[in-house]
Amino acid sequence: MSRLPTLGLPGLELLASAVEAGGRGWRVFPLRPGDKRPAGHAEKYCPGTGRCADGHKTPEQRATTDVDLITAAWAHHPYNVGIATGPSGLLVVDLDMPKAQEPKGTPDGVSNFQALCERAGQPVPDTYRVRTARGGEHLYFTQPPGDQLHSTAGKLAKKIDTRGWGGYVVAAGSTTPDGPYTVLDPRNPVPLPDWLHDALKPPKRPEYAMANSLKSRSGYSGAALRAEVHNVATAADGTRNATLLRAARALGRLVASGDLTRAEVEQALSRAAAGNATQSQRYYDDVITRGLDWSIAHNPTGRRVPA
């Protein structure tokens, strides 16, 4: 028997918001009731079972447009609604409000975006627009075909972030202690203007020089190592840390089985991260250590290769 009648009006309204977003082709996932954080466990608490048996599933990976899956999820709790922007083909410009501790008169994101448009000689775009719980705005755009723009923080101007691949936004219809998220302009999102696209395009990344020993390694383990090193070396802003952790966990299985040594995995991943870095090398090495430790502890050992 359906549990929908026991949801109550707030739960039904949130279910309707999730279904409406999914109907637009936007991939949704549950946020904690009355909160902006994703429902479910964080990666560091991942049990490695169930849906995460093959590795932790991020909200971006779990997001869906399937109405049956959406209904099944929101039938349990009055979840807020998250939209995974990248898989939904969206780039959302987040215009934030000053925080309470900031000086009085600090310009907000809306004012800064208007000034940005004026300097570019462009009008403020008319597109799908949401008022956020704290009084800011979300401007929805479709990403250019073939592009994968990632999330940014302050790249356009102060109090202006963007949400693309590796990010998400709280959908209209959701409510937090600061207030509701409401639609200001219901039209379909328009394509991201060229001038904004040019401002957000990442710089061309330097080629990663792969060690000759890594290139010449044969067999499945060598191919796996090269693939994960390539993923880390070419990871875009906003995805680098997660990509590195996934690579360490994937290769940790081969360390546990004895097909790779821990030293060669650490060296290869550390060099790949260094060629594409926005954090300190110590930070990346800590991510590698945590990923390998977790994977080795959760996978059976096999034959051992001397370190």
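Biologist: In which loop is Ser174 found?

Modeller: This is a predicted model, in which local features need pLDDT of at least 70 and side-chain atom pairs count only at pLDDT 80 or more, while totals for chains, interfaces and linings use all residues. Residues are numbered from 1 along each chain as its sequence is written, and side-chain values use heavy atoms, with hydrogens and water left out. With helices (H or I, at least four residues) and strands (E, at least two) taken as DSSP runs numbered from the N terminus, Ser174 lies in the loop between strand 8 and strand 9 (175-176).

Biologist: Is Ser174 buried or exposed?

Modeller: The classes rest on relative accessible area, where buried means under 20%, exposed over 50% and partly exposed in between, with a 1.4 Å probe and protein chains only. Because Ser174 has a relative accessible area of 0%, it counts as buried.

Biologist: How many Å separate the C-alpha atoms of Glu13 and Gly173?

Modeller: Glu13 belongs to helix 1, and its relative accessible area of 45% makes it partly exposed. Although Glu13 and Gly173 are 160 residues apart along the chain, the separation of their C-alpha atoms is 7.3 Å.

Biologist: How many residues are in the second, separate core?

Modeller: Val28, one of the residues that touch the most other members of the largest core, has contacts beyond its neighbours within four places in sequence, including Ala18, Ile70, Trp74 and Ile83. The second core is separate and includes Ala224, Ala233, Ala247 and Ala248, and its size is 22 residues.

Biologist: How many residues apart are Trp26 and Tyr128?

Modeller: Rings of Phe, Tyr and Trp (its six-membered ring) pair if their centres lie within 6.5 Å, with planes under 30 degrees apart counted as stacked, over 60 as edge-to-face and the rest as tilted; the structure holds six such aromatic pairs. The rings of Trp26 and Tyr128 have centres 5.2 Å apart and planes at 75°, so they are edge-to-face. The pair joins the loop between helix 1 and strand 1, which holds Trp26, to the loop between helix 4 (109-120) and strand 4 (129-131), which holds Tyr128, and the two residues are apart by 102 residues.

Biologist: Which residue has its ring under the charged end of Arg249?

Modeller: A charge sits over a ring if NZ of Lys or CZ of Arg is within 6 Å of the ring centre and within 35 degrees of the ring normal. The charged end of Arg249 lies 3.8 Å from the centre of the ring it sits over, that of Trp294.

Note on methods. A nonpolar core is a set of buried Ala, Val, Leu, Ile, Met, Phe, Trp, Tyr and Cys residues joined through side-chain atoms within 4.5 Å. Contact means heavy atoms within 4.5 Å.
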